[in-house]
Amino acid sequence: MADIMTPALGESVAEATVARWTKKVGDAVKKDEMLVELETDKVSLEVVSPADGVLGEILAPEGETVLPGTLLGRVTAGAAASAPVPAAPVAEAPKPAPVAAPAPAAAAQAPSVRRIAAETGLDASAIAGTGKDGRVTKGDALAALEARANAPVAVAAASAPRPVSEREERVKMTRLRQTIARRLKEAQNTAAMLTTFNEVDMTAVMALRAQYKDVFEKRHGVKMGFMSFFVKACVEALKDVPDVNAEIDGQDLIYKNHYDIAVAVGTDKGLVVPVVRDADALSLAGIEKAIGALGKKARDGQLAIEDMQGGTFTISNGGVYGSLMSTPILNAPQSGILGMHKIQDRPMVVGGKIEIRPMMYLALSYDHRVVDGKGAVTFLVKVKDYIEDPQRLLLDL
Amino acid sequence: MAQYDVVIIGGGPGGYNAAIRAGQLGLKVACIEGRGTLGGTCLNVGCIPSKALLHASELYELANKDFAKMGIDGKVTVNLPVMLQQKADSVLALTKGIEFLLKKNKVDYIKGWGRIAGPGKVAVKVEDGAETVLEAANIVIATGSEPTPLPGVTVDQSRIVDSTGALVISEIPKSMIVIGAGIIGLELGSVWRRLGAEVTVVEYLDRITPGMDADMAKAFQRTLTKQGINFKLGTKVTAAKASKTGVALTLEPAAGGAAETLNADYVLVAIGRRPVTRDLGLETVGIVPDARGFIANDHFKTSAPGVWVVGDVTYGPMLAHKAEDDGVACIELIAGKAGHVDYNLVPSVVYTFPEVAWVGKNEEELKAAGVAYKIGKFPFTANSRAKVNHEGDGFVKVLADAATDQILGVHMIGPQVGEMIGEYCVAMEFSASSEDVARTSHPHPTRSEALRQAAMGVEGWTMQA
């Protein structure tokens, strides 16, 4: 008998939801075979079978919330698939004691906490108590209420559901969706966010790409995309305008002397934002390789939480879906996000004549608490200059 | 040479409770006490006998002053020898009770004066002068405290007494001067005032009962004055001359000024208590008490390995129940368990009439610490039980955190509030908010309702005043 345990979920992730069991009780399983999929706030992760055998019992059914170390189920060693464990004994098998001691029942809660819970719908049993033996105090409940008020998206989800008509469908938000919703709203509620625009003539970069893309791909094994140019351009612009690479921490600003660029990647489950580490130290090919690897992981649902933590600046490309112009929302606690858009041929006045040029609008949303208008505009102009004249990147100009 | 897991020096509340707990936890334990009876200062010459006299004298005063109001006529008189004897009987019975408890918990009660004789060794001088040595893996110092002497005023236990002598005065003094307006002085002063003495309290500070919330101290002083106690605050005693029939005290304003002489039949010196560490052999293990004589500790551990300390002889409030908590926590630590005492939650009680009781922080402390707080107050005049008992003096004051309503301090003055403070000790031990008390049912009609009404007052919904 081998226990299937909930693994560590990564820093700042407290719990996960059981999304899907790929096997039924009685199915034969192999060691390291994927058994159950968990969803956390940030990623979905797979739990594999700890041993060869038969899935003996499922203790955490789909939809259940589990903590690291929670027993998900058990694999009975050895038995062949053809001899499934009879259902009845499994059902009657004594339930193991819950891993985490259950929070004190409602009756054990302080009167003030019971009152607050009854009036507000707060789940007091989910609050980490600071009182004797972890009991929840009135102060704890009030703090939890305040935290909830600061997460309005979650409140909306938790408050009384409205009835659904025949022509509507109610679908539970995935944890990823809930997290996206909460974090975007948090960013809007926290930052003094606004957006500045510019446009960039893509002629030079496109010419460079047309000239070298085959050699590049042959040499490096990755396609030469535009994203690597923008990552490089942003890194250089961040060096010039360090405010955009900073974040607010309480009364202080933290300036980051490293350039970890988060690149928004769309997947069928939603947008994830993995991070290209130390992008300033990477070549264009290195950046393309890193983005390629992260994108593949994202689409395969294999992104680890670590892959998405610690970015200092974000680039989002709505252009791949055809967006001509947008105002991206900050990836908190970062202070800047660059929005790339669709490349479109437009008539431009060049040297007194109208020419057809492949143009892209650029948007920089920034936290005005950290970055002033001059810095933001300067940053975006630098990016534009690097893209319009990529040789500057080479010469560090 | 007898070998022990724990040898406890001192059989007071710290020592005997430590001994019982050690016995319960299966440790081989000895408790050394040279007084002849167990229970220490508290039981022999402190809390317990003083309460016996406070109770008896309170009933006497009640009978003569308040019975008529309730339709009971008649005059009662004091029989002092009987009053003192019933006190002594209670004390003796209780000391025997502790002896029984030690036996029940397999504690070796060793009569004699204990002294540390080097690491792991305790020498005991028994009554006939012979000395035995015990071997101890752990030594617990629980030697307690004694009245602090006042230079210039020599206690003779005849006309000039300390808290011990004040319990056995064989006549009712016509007049008595109490030096020190602390808890002990005011309790014993109250006893003799009720029995007929003209009592004057002389205090160096310009307030009574330092450490008590200023609101309470003010109300308390007003009540005691109404009862007939005279106060001379901001006054120091510079000399005392005792004769066969009385004492002449020389007083001076603390701030300087002309001296005056005050005469009384008896003088009670009650200016505080000091730790007892002499003849304890501390030097054999390298322990040096601090400038005020206290033995320092870290979680009851002294600087010497295997030597622990609890109660009045170390830091914290000099109270029997604190020593008891220390004793239990210390033994549990010795036994490898978790032991901790939160001195902020050790309650204080003054057993006068009315009583004063408090736990946690007072308003002055909260202000000094910059804590934002709210106040809920309720007077006993608005409490039905106090009203029908003709005991409307006093009030309850609850101090709670301004944001979380967590109870930070509770202060009460009123009849038998000492019996009611425990409710708030439990609440505070569990980090309760005032609302938790306000929403807890209290029996009607009892004085305890005042506690709940005051808790309601923190959020402004006191209902009965």
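I began with Asp300(A) in this predicted model and found it partly exposed, at 42% relative accessibility. Its salt-bridge partner is Lys296(A), with the closest N and O atoms 3.0 Å apart. I noted Lys296(A) as exposed, at 52% relative accessibility.

I next looked up Glu355(A) and Arg357(A), whose side chains meet in a salt bridge of 2.9 Å, N to O. Glu355(A) is partly exposed, with a relative accessible area of 28%. Arg357(A) has 19% and counts as buried, because the cut-off for that class is under 20%.

Glu61(B) is buried, with a relative accessible area of 16%.

I then turned to the interface. Twelve residues of chain B contact twelve residues of chain A. The buried area is about 930 Å², and carbon and sulfur atoms give 54% of it. On the side of chain B, Phe430(B), Glu435(B) and Asp436(B) lose the most area to chain A, together 46% of what that side buries.

I recorded five salt bridges across this interface. The side of chain B that touches chain A has two nonpolar, four polar and six charged residues. Lys132(A) and Glu429(B) meet through their side chains in a salt bridge of 3.1 Å, N to O.

Finally, I traced a network of salt bridges that links Arg115(A), Glu119(A), Lys138(A), Lys374(B), Asp405(B), Glu435(B), Arg439(B) and Glu459(B). Over all chains, I noted a count of 44 salt bridges.

Terms used
Residues are numbered from 1 along each chain as its sequence is written. Chains are lettered from A and ligands numbered from 1 in the order in which they are written. This is a predicted model: local features need pLDDT of at least 70, side-chain atom pairs count only at pLDDT 80 or more; totals for chains, interfaces and linings use all residues. Side-chain values use heavy atoms; hydrogens and water are left out. Contact means heavy atoms within 4.5 Å. Buried area is the accessible area (1.4 Å probe) that two parts lose on being put together, summed over both. A salt bridge is a side-chain nitrogen of Lys or Arg within 4 Å of a carboxyl oxygen of Asp or Glu. Ala, Val, Leu, Ile, Met, Phe, Trp, Tyr, Cys and Pro count as nonpolar, Asp, Glu, Lys and Arg as charged, and the others, Gly among them, as polar. Buried means under 20% relative accessible area, exposed over 50%, partly exposed in between (1.4 Å probe, protein chains only).
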